[in-house]
Amino acid sequence: MAVMEFRKFLRDLFEGEHRKRILSSPLTYQLVERALKLARGSFPSQASYMMARFALAQTGRAFSRRVPVVWTSAFFPVEIVWGLNLCPFSPEVAAAFLASLGFAEEALDRAEQAGYSRDLCSFHRLIAGAALLGYLPPPAALVASTHLCDGAPLLFQNLAAFFRVPFHVLDVPYRADRDAEAYVAEQLAELWRALADLAERKPEPAGLAEAIQNSNRFRANLLEVNELRCRVPAPVRGSEMLNYLYLFFAGQGSREAAEVFACLAREIGRGEREGKKEERFRILWLHLKPFYKGELMDFIENKSGAVLAFEEMSHVYWPPLSPGDPFPSLARKVLSHFCYKPLEARTATVKMLAEKYRVDGIVHFSHWGCRQSVGGSLMLKDALQRAGWPVLLLDGDCLDARNEATGGILTRVQAFLEILAERKNFRVGERHDHCRN
Amino acid sequence: MGHRRQGNPPPVALIRCRQGIPIPTVPTSLKQGLLLFWVKEWGLIQGFEEKRLLGWVCSYTPEEIILTLGLTPCRLSGTDENQAADDYLPANFCPFARACLNEVLGMSGISLAGVVLTTSCQGLLHLYNALGYFSRKREERFFVYLLDLPRWGSVKRAAALQEFASSLRLFTEELRRYFGTEWSNALYLENLARLRQVRFLLRELYRFLREHPGRVRAAGVLELVRAAGRLPKEELIPLLLSAVRCLEGEIPVPSGSRAAGLLEKLRPRKPCAGPRLLLVGSPPPLSYVDLLEELGGAVVGDDFCQGYRYCLPEIEEGPDAFLSLARGYLERVPCPRMLAGQERFVYLSRLVKEWQVQGIIYHALKFCDSSLYEYTLLRDFFSREGIPVLYLETDYRSGGLEQARTRLQAFLEVTG
């Protein structure tokens with residue numbers, strides 16, 4: 001069973017009037033896991049297969065109601081939840097998964113009926129709709145971090161009222177001095193205790209230390225993958241890496257997430273992951289990608305000769321954590337995100353990545369509704385162009401296919417690639433001239 | 001401040017400014033400028049001579065600090081009279097942040113020495129980025145500051161208080177350093193008293209509005225609150241006092257005076273005897289408020305940061321000025337961004353009862369997450385209370401007024 005067939009199998013399984021019952025039954029995920037084993041050979045790598053199994057197992061666990069489920073927002077330090085052996089659930093990743101199966105429209109429509117504006121981020125609208133439709137595992141609590149996204153904490157507040165469960169916020173200051181670190185660390189400690197109370201468990205520092213160690217392994221393995229990705233041709237495509245979103249948003253602190261990237265590093269190291277022989281253009285990709293079935297990613301990576309050499313999402317921006325001092329070190333991790341600083345920090349990071357991965361151009365996927373990423377995009381583009389990098393701001397939507405004008409978006413990509421081609425020819429010409437001189 | 005920390009880029013405006021250039025002041029021979037428009041409109045031109053103006057936006061910005069350090073707070077409320085923001089902020093972004101950027105970049109004839117913003121939302125974070133980017137490109141000395149503001153509604157309150165107090169201390173320190181001014185406790189207490197008076201008088205005006213909704217123009221009250229954030233308080237206080245006393249019939253309107261001019265602006269265009277309405281959400285274009293009254297709606301109050309909430313902070317004279325300020329501002333009714341849904345709804349529900357509100361108009365700015373999410377909760381809450389809510393969305397401009405007319409008319413018919 002190939003990956004595409006496996007996706008079709010899932011779509012067929014969830015299709016129909018009993019979708020809610022099927023989606024919310026833990027048995028479904030056991031069945032899917034067995035089917036997954038049959039499709040094992042068709043996954044692009046053992047790592048991606050491991051990731052799929054891990055995500056399925058966790059989703060089945062979330063629906064089993066045997067363990068309290070904690071909904072966490074993107075970039076929330078989920079180590080806290082793993083450290084208590086609770087079940088973290090990332091509704092943003094679930095939203096991407098539902099969109100990839102083609103079920104976005106139903107949930108988006110439901111959210112709009114409930115009063116959620118189409119100007120809101122489609123990840124969050126889709127979550128709202130899917131929650132109202134009963135497609136997501138009911139949470140015992142919701143936790144959201146305020147840095148990088150205004151929408152998630154606000155949505156979680158609404159959903160906490162809907163599910164009648166506690167809602168906890170991690171309030172993150174913009175500055176990153178000692179006071180700010182202490183403020184975040186204190187909240188994290190408080191949260192850890194509150195979640196333990198919720199599960200009627202004694203908070204065990206040893207459990208948290210283990211999660212921190214797993215998180216450090218995740219970081220180290222990802223760093224290794226990132227170093228190996230400097231190879232030309234690119235051993236892993238950016239669009240594949242963006243499918244590991246689950247690990248970034250829900251996996252840090254788990255043993256499995258660390259193992260997935262260890263496996264990926266081994267695969268690249270052993271030369272099992274060969275890139276395209278001919279890379280016409282190497283692209284640095286900013287923000288996320290469309291997760292629904294569309295033409296954009298296929299066109300870029302399979303038809304245009306371009307490859308996403310690296311993506312902003314995979315950049316390791318945080319220092320190693322300290323198992324003996326978990327809360328301050330998690331606070332430092334949260335406070336160190338380069339997008340939660342003056343724009344120059346993001347610009348500097350992007351320039352560094354562009355150089356490190358020897359890209360020809362930079363594409364910013366401007367997801368409709370993402371205030372954080374889109375808000376600074378014009379200035380980011382201007383700053384990068386001044387530094388000599390060709391930049392394309394590509395307006396689109398990660399989940400809501402209704403916001404995509406396929407023809408227009410492909411034309412824009414094509415035009416951008418032509419610019420890159422001209423620049424490459426010019427640079428080659430320049431080099432020849434230089435040699436002749 | 002977020003940009004003063006180890007290992008991170010230093011503040012844009014602070015690293016690039018050329019030292020030694022005099023801080024801009026307002027020349028006496030001003031001919032144009034949006035700020036001047038406001039000043040002239042309210043007949044207070046004298047107060048702006050030779051002042052160092054510091055722009056501010058969010059209602060959690062303590063003017064007390066700005067005034068104590070010898071600067072004149074100048075609240076930005078945005079404009080769409082130019083499109084200067086187009087180069088910095090995308091079209092599908094907070095229209096209020098864009099309008100404020102238009103206002104600052106389009107100011108001609110009047111100069112701000114800087115702008116202080118808060119970490120309220122991504123809109124203001126990127127306004128901060130845009131102002132920094134603009135001043136760096138121009139290599140101009142311009143103070144751009146971002147004040148950390150905790151989420152009061154959702155975290156442990158003692159910790160949030162301490163966090164905001166340290167954020168205010170850092171802000172004060174940075175102002176002192178940049179403008180070379182000193183903090184004086186005596187001056188602080190003086191300004192505390194002034195602002196207390198301003199807020200009290202504005203609340204009196206609001207009281208008059210809800211007791212006699214047809215006799216004061218609601219949009220005029222909102223205009224006055226906006227102007228209060230940018231006018232010299234020592235001149236504003238006697239003017240407000242006269243206006244309130246005239247409205248109450250305690251004194252006759254002194255003809256040709258500033259108070260007469262102000263009362264003229266507050267005069268309703270048409271008597272309104274329709275349902276009593278509360279305005280909630282993001283600050284609306286004032287033309288919509290006028291339209292509402294023109295159609296007969298009796299606006300009895302609002303819950304806008306540029307409106308009634310500006311008048312609510314109660315600052316005590318505690319031993320630690322910054323802690324008192326933090327407490328005073330944070331303990332005010334929270335805004336939707338504070339993630340204190342229930343607390344807000346209890347407060348709004350109290351207003352509805354006490355002010356005998358018959359309907360709520362909820363205005364959301366396009367792309368404003370705080371309002372767009374709050375609306376769904378608020379609508380459900382008040383539907384249980386039996387209070388009808390009308391949702392209005394604008395991009396902070398007067399466009400779409402005619403489409404809104406029909407919806408407002410229908411709502412007033414149902415509510416009345």
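Chain B has 15 helices and eight strands, while chain A has 20 helices and eight strands. Helices (H or I, at least four residues) and strands (E, at least two) are DSSP runs, numbered from the N terminus. The model is predicted, so local features need pLDDT of at least 70 and side-chain atom pairs count only at pLDDT 80 or more, while totals for chains, interfaces and linings use all residues. Residues are numbered from 1 along each chain as its sequence is written, chains are lettered from A and ligands numbered from 1 in the order in which they are written, and side-chain values use heavy atoms, with hydrogens and water left out.

**Chain totals**

Of the 416 residues of chain B, 64% count as buried; for the 437 residues of chain A the share is 63%. Buried means under 20% relative accessible area, exposed over 50%, and partly exposed in between (1.4 Å probe, protein chains only). Chain B exposes about 15,000 Å², of which carbon and sulfur atoms supply 50%.

A contact means heavy atoms within 4.5 Å. In chain B, 73% of the contacts between residues at least 6 apart in sequence join residues at least 24 apart. In chain A, residues 24 or more positions apart account for 76% of the contacts with a separation of 6 or more.

The C-alpha trace of chain A spans about 75 × 55 × 45 Å along its principal axes. Its radius of gyration is 22 Å, which agrees with the value near 22 Å for a compact globule of 437 residues. That radius is taken over C-alpha atoms, and the globule rule is 2.2 Å times the number of residues to the power 0.38.

**Covered helices and selected residues**

Helix H8 of chain B (residues 218-228) is mostly covered, with 11 of its 11 residues buried. Among them are B:Glu223 and B:Arg226. In chain A, helix H16 (residues 326-335) has eight of its 10 residues buried, so it is largely enclosed by the rest of the structure. A:Phe327, A:Leu330 and A:Lys333 are among these buried residues. The cover of the buried residues of H16(A) includes helix H5 (79-82), strand S4 (167-170), helix H10 (178-198) and helix H11 (205-228) of chain A.

A:His315 lies in the loop between strand S6 (306-311) and H16 of chain A. A:His315 is buried, with a relative accessible area of 14%. Leaving aside neighbours within four places in sequence, its contacts include A:Asn226, A:Phe338 and A:Met352.

B:Leu117 belongs to strand S3 (residues 114-118) of chain B and is buried at 0% relative accessible area. Its C-alpha atom is 4.8 Å from that of B:Leu146, 29 residues apart along the chain. Not counting residues up to four places away in sequence, B:Leu117 touches, among others, B:Val57, B:Tyr128, B:Tyr145 and B:Leu146.

**Rings and charges**

Rings of Phe, Tyr and Trp (its six-membered ring) pair if their centres lie within 6.5 Å; planes under 30 degrees apart count as stacked, over 60 as edge-to-face and the rest as tilted. By this rule there are 39 aromatic pairs over all chains. In one of them, the rings of B:Phe381 and B:Phe382 have centres 5.0 Å apart and planes at 80°, so the pair is edge-to-face. B:Phe381 is buried at 11% relative accessible area, and B:Phe382 is buried at 0%. One aromatic cluster is formed by B:Phe143, B:Tyr145, B:Phe171, B:Tyr178 and B:Phe179.

A charge sits over a ring if NZ of Lys or CZ of Arg is within 6 Å of the ring centre and within 35 degrees of the ring normal. Two such cases are tabulated below.

| Charged residue | Ring | Distance from ring centre |
|---|---|---|
| A:Lys333 | A:Trp318 | 4.8 Å |
| B:Arg141 | B:Tyr178 | 4.2 Å |

**Cysteines**

A search of the whole structure finds zero disulfides over all chains, a disulfide being a pair of cysteine sulfur atoms within 2.5 Å. The sulfur of B:Cys74 is 11 Å from the closest cysteine sulfur, in B:Cys100, which is too far for a bond. B:Cys74 is buried, with a relative accessible area of 0%. B:Cys121 is also in no disulfide, and its nearest cysteine sulfur, that of B:Cys94, is 6.0 Å away. B:Cys121 counts as partly exposed at 23% relative accessibility.

Notes: Accessible areas come from the Shrake-Rupley method with a 1.4 Å probe; for residues, only the protein chains shown count as cover.
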